[in-house]
Amino acid sequence: MVVQPKVKGFMCTTAHPEGCREAVRQQIEYVKSQPKTEGPKKVLVLGASMGYGLASRIALTYSCDADTIGVIFDKPGKEKRTGTAGWYNTVAFEQMATADGHYAKTLNGDAYSEEMKEQVISLIKKDFGKVDMVVYSLAAPRRKAPDGVTYRSVLKTVGEEYTNQSIDLMTNEITTVTIPPATEEEIQATIKVMGGEDWRLWIEALKQADVLEDNAKTVAYSYIGPEITYPIYYGGSIGQAKQDLYKTADAMNEQIDGLEAYVAVNKAVVTQSSAAIPIVPLYISILFKVMKEKNLHEGCIEQMYRLVHDRLYAADGVVTDENRLIRMDDYEMKPEVQKAVADIWQDISLDNLADVTDIDGYWQEFYEIFGFHIDGVDYDADVDIQVEIPSLA
């Protein structure tokens, strides 16, 4: 069928197989063009189909020559409905990695479940023996925990409500939004979903099954951002969960023998998740404008290659700040970048929106997530939407 984007709010309900393939190919070509890294050889990537997880898998495969097992939660295409972008990304990655001589297998299902942990451990024992790197890049609005309860995260403040300007992505108009405070129950539920508990459960399961190499590394991902977004992110319900993530990294580092655990703080990028957070899309569209003008802009693949090559597996050891965080948001948080963003934020209006933001760049990256608006792809051609992930076929 001919596939076109169908956007509702901050969601795109279609994905283009050939567009996703081309996007994956471009990320692979970028890493191939960079210097190699002396790094891990057997890697597990939890949340491997999009964004930072996919970019991590690509960077580790092509910079370190690593073999990878990925865990995803995606849907294949049906007769009249496209699969998810993550499904098509994984099809393309497996095919290209295998063609280039790399092992790449994927398991599809709920990564929070005990069943998936058992499947992964079984596959590691069968094909790898042990893994020397675990990337934890899961992002979901809810999680069924081992206690049988399904917890749901919220995007709310802590303490007081917060009002600031935002952007209506469907009309590109400046709006005012007010975010209410979370209840204590909502905060605890958000920690259950987005904190460190499941990350630790994965590492403990791998350790107990003896499929984790001595001196293995693990990394999870976070975001801090500027003061503008503190009330809804760093200081909000999500921020509470991220504090739990940082504590989990430190605790695992101290308590689990032969393991180095880190959290990488990444820069703001366009994702389906970030599009749903009030205020953040407006901030990102200003940030992109500033960072591109200063030649500092990075997407997921540039950051994840830099994380692997310059931070996690740097020749002189892992590079962290005073809190043991790997700061991949260093370009975003440069004082000159944040000052320029803050100055624009104060003076922005509907009249100057097009001039002082990169809203077109924001939308371009949004569409690219789903395989659309990518050069070299014929979007008028019929495409097969029912392609299979090779290792799942």
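**Close-up views of helix packing, a pocket and a cavity**

**View 1. Helices H2 and H3.** The axes of H2 and H3 come within 12 Å and cross at roughly 5 degrees. H2 and H3 are therefore described as roughly parallel to each other, as angles under 35 degrees are counted in that way. This and the following views show a predicted model. On the H2 side, the residues that meet H3 are Leu-54, Arg-57, Ile-58, Thr-61 and Tyr-62. Their partners in H3 are Asn-89, Thr-90, Phe-93, Met-96 and Ala-97. By class, the contact of H2 with H3 is made up of six nonpolar, three polar and one charged residue.

**View 2. Helices H1 and H2.** Helix H1 covers residues 17–32 and helix H2 covers residues 51–64. The two helices pack at an angle of about 40 degrees, and their axes lie 9 Å apart. That angle makes H1 oblique to H2. The crossing of H1 and H2 is right-handed. H1 contributes Val-24, Gln-27, Ile-28, Val-31 and Lys-32 to the contact, while H2 contributes Leu-54, Ala-55, Ile-58, Ala-59, Tyr-62 and Ser-63. Eight of the residues in the contact of H1 with H2 are nonpolar, two are polar and one is charged.

**View 3. Helices H1 and H3.** Helix H3 spans residues 85–99. H1 and H3 pack at an angle of about 50 degrees, with 8 Å between their axes. H1 and H3 are therefore oblique to each other. Their crossing is right-handed. In H1, the residues that meet H3 are Pro-17, Cys-20, Arg-21, Val-24, Arg-25 and Ile-28. In H3, the residues that meet H1 are Ala-85, Tyr-88, Asn-89, Val-91, Ala-92, Phe-93, Gln-95 and Met-96. The contact of H1 with H3 contains 10 nonpolar, two polar and two charged residues.

**View 4. Residues that take part in several helix contacts.** In H1, Val-24 and Ile-28 meet residues of H2, and Val-24 and Ile-28 also belong to the H1 residues that meet H3. In H2, Leu-54, Ile-58 and Tyr-62 are among the residues in contact with H1, and these three residues are also among those that meet H3. In H3, Asn-89, Phe-93 and Met-96 are among the residues that meet H1, and they are likewise among those that meet H2.

**View 5. The second largest pocket.** About 160 Å³ of space lies in the second largest pocket. Its lining consists of Met-1, Val-2, Val-3, Gln-4, Lys-6, Thr-13, Thr-14, Lys-80, Arg-81 and Thr-82. Three of these lining residues are nonpolar, four are polar and three are charged.

**View 6. The largest cavity.** The structure holds one cavity of 30 Å³ or more. The volume of the largest cavity is about 30 Å³. The residues Tyr-246, Ala-249, Asp-250, Tyr-262, Val-263, Asn-323, Arg-324 and Leu-325 line the largest cavity. Helix H7 (237–255) and strand S12 (259–265) each supply at least two residues of this lining. The largest share, three residues, comes from H7. By class, the lining has five nonpolar, one polar and two charged residues.

Methods: Residues are numbered from 1 along each chain as its sequence is written. This is a predicted model: local features need pLDDT of at least 70, side-chain atom pairs count only at pLDDT 80 or more; totals for chains, interfaces and linings use all residues. Side-chain values use heavy atoms; hydrogens and water are left out. Axes are lines fitted to C-alpha atoms, for helices over the stretch in contact, and angles run from 0 to 180 degrees between N-to-C directions. Helices (H or I, at least four residues) and strands (E, at least two) are DSSP runs, numbered from the N terminus. Angles under 35 degrees count as roughly parallel, over 145 as roughly antiparallel, 65 to 115 as roughly perpendicular and the rest as oblique. A crossing is left-handed if the near helix is turned anticlockwise from the far one by less than a right angle, and right-handed if clockwise. Contact means heavy atoms within 4.5 Å. Ala, Val, Leu, Ile, Met, Phe, Trp, Tyr, Cys and Pro count as nonpolar, Asp, Glu, Lys and Arg as charged, and the others, Gly among them, as polar. On a 1 Å grid over the protein atoms alone, a cavity is a set of points where a 1.4 Å probe fits but cannot get out, and a pocket is an open set with protein on both sides within 12 Å along at least five of seven lines; lining residues have an atom within 4 Å of a point. Grid points are joined across faces, edges and corners, and a volume is the space filled by probe spheres set on the points.
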